[in-house]
Amino acid sequence: MKTLALLAVLAALLLSPQAHAAYDTPDTPTQSDLSPAIKLIENKNWSDAISSLLVYTRANPNSADGFNLLGYSYRQLKRYDESFAAYNKALALDPKHRGAHEYIGEAYIQLGQLDKAKVHLEALSRICTLSCHEYRDLKKAYEAALAVRRP
């Protein structure tokens, strides 16, 4: 009987909200955590988005989403070195981050480095078991850039 009582207490503890809160980390971003920066991005307020995302990524250094959005915001201001650093950080944290592969590929296309863009297009083709929108978007941009290059 003591064993059943002990199991019941353990089950109650493990299923309590407090037990689950102990496993939640600030490094697990939620949409609401990033929503102020996303709103700034939607309004094309790149400088303020960067400021917001710098604060966010300092507080959440394992957030691939945060670094991806930071890279995107830097890229909109043509601050490519900082953009690539942020995208590469996102990909180091999550090598299968579809958004980071798409956006870094688009940055390479903007700089005319199609060979590097193709690497990320190929990565997306492996990551997306069925065609995902990140793959389709990067492929469209890549093919358009190829068409402009052809004589």
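**View 1. Glu106 is buried, with a relative accessible area of 16%.** The model shown is predicted. The partner of Glu106 in a salt bridge is Arg75, and their closest N and O atoms lie 3.1 Å apart. Because a residue under 20% relative accessible area is classed as buried, Arg75, at 5%, also falls in this class.

**View 2. Arg98 and Glu134 join their side chains in a salt bridge, 3.3 Å from N to O.** Arg98 belongs to helix H7 and Glu134 to helix H9, so this pair ties together parts that are 36 residues apart in sequence. Arg98 is partly exposed at 37% relative accessibility, whereas Glu134 is buried at 8%.

**View 3. Within helix H9, Glu143 and Lys139 are four residues apart, about one turn of the helix.** Their salt bridge has its closest N and O atoms 3.8 Å apart. Glu143 is partly exposed, with a relative accessible area of 42%, and Lys139 is likewise partly exposed, at 32%.

**View 4. Helix H8 spans residues 114–127 and reaches 20 Å from its first C-alpha to its last.** Its buried residues, among them Leu114, Ala117 and His120, pack against helices H6, H7 and H9.

**View 5. The largest nonpolar core has 36 residues, and Ile109 is one of those with the most contacts inside it.** Helices H3 through H9 each supply at least two residues of this core. Beyond its sequence neighbours up to four places away, Ile109 touches residues including Leu114, Ala117, Leu138 and Tyr142.

Technical notes. Residues are numbered from 1 along each chain as its sequence is written. This is a predicted model: local features need pLDDT of at least 70, side-chain atom pairs count only at pLDDT 80 or more; totals for chains, interfaces and linings use all residues. Side-chain values use heavy atoms; hydrogens and water are left out. The expected span of a helix is 1.5 Å times one less than its number of residues. Buried means under 20% relative accessible area, exposed over 50%, partly exposed in between (1.4 Å probe, protein chains only). Contact means heavy atoms within 4.5 Å. A nonpolar core is a set of buried Ala, Val, Leu, Ile, Met, Phe, Trp, Tyr and Cys residues joined through side-chain atoms within 4.5 Å. A salt bridge is a side-chain nitrogen of Lys or Arg within 4 Å of a carboxyl oxygen of Asp or Glu.
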